[in-house]
Amino acid sequence: MRKVLQKLGKADETKDEQFEQCVQNFNKQLNEGTRLQKDLRTYLASVKAMHEASKKLNECLQEVYEPDWPGRDEANKIAENNDLLWMDYHQKLVDQALLTMDTYLGQFPDIKSRIAKRGRKLVDYDSARHHYESLQTAKKKDEAKIAKAEEELLKAQKVFEEMNVDLQEELPSLWNSRVGFYVNTFQSIAGLEENFHREMSKLNQSLNDVLVSLEKQHGSNTFTVKAQPRKKAKLFSRLRRKKPSDHAPAKENKSPSPPPDGSPAATPEVRVNHEPELAAAATPGAALPKSPSQPAEASEVAGGTQSAARAQEPGDTAAGEAASNSLPAVVVETFPAVNGTVEGSSGAVRVDLPPGFMFKVQAQHDYAATDTDELQLKAGDVVLVIPFQNPEEQDEGWLMGVKESDWNQHKELDKCQGVFPENFTERVQ
């Protein structure tokens, strides 16, 4: 409104940069306080949700804790104290943080209204002053009108200056009060949370003592939870290299979970050749014999892989050699090439298949990748299986490969290759 009157030439513009800065600080303080109040309410809602979840969990414990087990009464008492502690924590947060927050923000609406009213009174004051000055500079002066205009100007000036002086004092004071308010609020929250966790820790320790007593009485029925990591630990890999007798897959290295429907893909075929001549060739430094159906390159890859698996460091005993010799030789099969080109024969390599291609498999079930180095599979996807660059990185039950569609599109292993669970697929070629 004041801007409109100024453009019409019916009002003068009064600027007060110091007051405008105070108004900017006020708006900033109001926005920060409103956000803090919103986040505090969210925090309280989370505390209440955790209280409910903890209560349900303790109710479950009370139901499954059989009457003849030791510590039943203590467990029930701990559950009751747990519930009371959550209730006390929530209530104190409301009293010492949320209500204080509400009181702090309660003063902003009134001051905001007074700032707006001051703006309107400033327009009246500028308008009255402009009217009075116009009458004084007129060619034909009317003393009665000038006197009345002066009276209205003084009245408007008085009202404006009273409001302006009050706000000039209150706004800087309100702005400075934010520091103490933030300190008190967050100190209260931090202190309440610290005390809550300390008391909760005592209850948890008491519950642990009760369960330890139960375990001692029924120790023979203890259930052991074992982790099932997909990737081999480096420590275990080093230990296997140092122990030549330990060539079997480590127990800690679990196979991937089977497909849901128990289809044939759940029990992949492992083809092992137990022929005497191949078993005899398993001695250190010996190469696998070549058969007519096995190309030279494939034989050398298989032999090199077995030799690496049987590699022994200096100091290994003869017992280690005997253990490695007992392993059956694994035959890597190859397949006739298309368009007359045989894979691996006379050094020729099929250009339409990735380097080191071994065989094809088809996904029988969807598989959602859980890591960046895994393949995302849909039922029906065809995967070209290739060997691991480092055989020690291969986990039991996992294969390395590239989806046929991706290979046909990119022809780059670095962009497409990944590992996948063998029991989600079925060999097709």
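Asp-110, Arg-114 and Glu-170 are joined in a network of salt bridges, a salt bridge being a side-chain nitrogen of Lys or Arg within 4 Å of a carboxyl oxygen of Asp or Glu. By this rule the structure holds 11 salt bridges. The model is predicted, so local features need pLDDT of at least 70 and side-chain atom pairs count only at pLDDT 80 or more, while totals for chains, interfaces and linings use all residues. Residues are numbered from 1 along each chain as its sequence is written, and side-chain values use heavy atoms, with hydrogens and water left out.

**A salt bridge between two helices**

- Arg-41 and Asp-102 form a salt bridge, and their closest N and O atoms are 3.5 Å apart.
- Because Asp-102 belongs to helix H3 (residues 72–106) and Arg-41 to helix H2 (residues 17–64), this pair ties together parts that are 61 residues apart in sequence; helices (H or I, at least four residues) are DSSP runs, numbered from the N terminus.
- Asp-102 is partly exposed at 27% relative accessibility, a class that lies between buried (under 20% relative accessible area) and exposed (over 50%), using a 1.4 Å probe and protein chains only.
- Arg-41 also counts as partly exposed, with a relative accessibility of 42%.

- Asp-88 pairs with Lys-92 in a salt bridge whose closest N and O atoms are 3.3 Å apart.

- The side chains of Glu-199 and Lys-202 meet in a salt bridge, at 3.7 Å from N to O.
- Both residues, Glu-199 and Lys-202, lie in helix H5 (residues 143–217), where they are 3 residues apart, about one turn of the helix.
- Glu-199 is partly exposed, with 28% relative accessibility.
- Lys-202 has a relative accessibility of 48% and counts as partly exposed.
- Lys-202 and Ile-78 are 124 residues apart along the chain, and their C-alpha atoms are separated by 9.8 Å.
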